[in-house]
Amino acid sequence: MKRRTTIAAFLAALCMPILAVAAEPPADSIYQLQAQLTDQSGRVSGLDVFRGEPVLISMFYASCPNACPTLIAAMRRLENRLEPAQRDRLRVLMISIDPKHDTPEKLGELAERHHADLQRWRFTRPEAADVRGIAAVLDIQYRELGDGEFNHSSIVTLLDREGRIVATTQQVLRADEEFLGKLRALIGAL
């Protein structure tokens with residue numbers, strides 16, 4: 001009888017993390033937004049692809065000549081300011097505002113051009129109908145210009161493990177020390 005109790009307790013402990021992840025996200029989580037993303041490898045997931053890890057998230061478009069490369073570089077600078085063990089826990093989710101043109105192939109080329117660690121980074125495209133909703137929850141404004149380019153805000157958002165917004169920054173040309181402090185604190189609390 002004692003052996004059965006021990007095995008049952010062991011199995012229950014094993015299932016706890018699975019049940020926690022499978023549970024509904026908190027009411028203030030952006031993971032409540034049901035959106036389908038396709039990444040640079042053609043894998044399909046939801047916004048919660050990195051649920052359980054801290055996430056830097058932003059929106060971009062692959063053919064952007066100026067702001068988006070600067071935004072990606074800013075995110076790289078942020079992660080490079082972390083200790084290696086902290087960096088290993090951080091995930092980065094980039095979501096396209098131009099799903100019509102940003103195919104998985106183009107997203108893959110962009111990831112390669114930026115030497116992204118694809119274990120921790122995802123370049124994704126949502127369904128066209130989901131772009132506005134995602135932009136709204138991230139407070140990103142954009143509009144398509146006549147020449148196929150976009151005018152858009154460059155905002156980096158930090159999410160906790162459950163998809164709640166912890167901090168945002170618009171400082172992409174220089175380090176935002178307050179944002180970096182919140183990022184370090186969040187990762188350090190894990």
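Trainee: Which residues lie on one side of strand 4 and which on the other, and are they buried or exposed?
Mentor: Start with the general idea: side chains in a regular strand alternate between the two faces of the sheet. Here Arg91, Leu93 and Ile95 are on one side, Val92, Met94 and Ser96 are on the other, and all of them are buried. Buried means under 20% relative accessible area, exposed over 50%, and partly exposed in between, using a 1.4 Å probe and protein chains only. Strand 4 covers residues 91-96, and six of its six residues are buried. Keep in mind that this is a predicted model, where local features need pLDDT of at least 70, side-chain atom pairs count only at pLDDT 80 or more, and totals for chains, interfaces and linings use all residues. Residues are numbered from 1 along each chain as its sequence is written, and side-chain values use heavy atoms, with hydrogens and water left out.

Trainee: In what sense do strand 3 and strand 4 pair, and over how many bridges?
Mentor: Strands are DSSP runs of E with at least two residues, helices are runs of H or I with at least four, and both are numbered from the N terminus. Two strands pair if DSSP finds at least two bridges between them. Strand 3 (residues 55-60) runs parallel to strand 4, with six bridges; Leu56, for instance, has Val92 as its bridge partner in strand 4.

Trainee: How many bridges join strand 4 to strand 5?
Mentor: Four, and those two strands are parallel as well. Look for Met94, which stands opposite Phe123 in strand 5.

Trainee: What is the strand order in the open sheet?
Mentor: Its seven strands are ordered 2-1-5-4-3-8-9, and the pairing is mixed. Strand 2 (44-46) and strand 9 (165-169) are the edge strands, each pairing on one side only. For the antiparallel part, go to strand 8 (residues 156-159), which pairs with strand 9 over four bridges. Thr157 and Thr168 are bridge partners there.

Trainee: Where is Glu162, and how far is its C-alpha atom from that of Pro26?
Mentor: Glu162 is in the loop between strand 8 and strand 9, and is partly exposed at 22% relative accessible area. The C-alpha atoms of Glu162 and Pro26 are 7.0 Å apart, although 136 residues separate the two along the chain.

Trainee: What is the phi of His115?
Mentor: Most residues other than glycine have a negative phi. His115 has a positive one, about 50°. His115 lies in the loop between helix 4 and strand 5 and is exposed, at 65% relative accessibility. Asp139 also has a positive phi, of about 60°; its loop runs between helix 5 (131-137) and strand 6, and Asp139 is exposed at 53%.

Trainee: Which strands each supply at least two residues of the lining of the largest pocket?
Mentor: Strand 5 (121-126) and strand 6 (142-144) do. The lining includes Arg125, Pro126, Tyr142 and Glu144, and its residues divide into seven nonpolar, five charged and no polar.

How values were computed:
On a 1 Å grid over the protein atoms alone, a cavity is a set of points where a 1.4 Å probe fits but cannot get out, and a pocket is an open set with protein on both sides within 12 Å along at least five of seven lines; lining residues have an atom within 4 Å of a point. Ala, Val, Leu, Ile, Met, Phe, Trp, Tyr, Cys and Pro count as nonpolar, Asp, Glu, Lys and Arg as charged, and the others, Gly among them, as polar.
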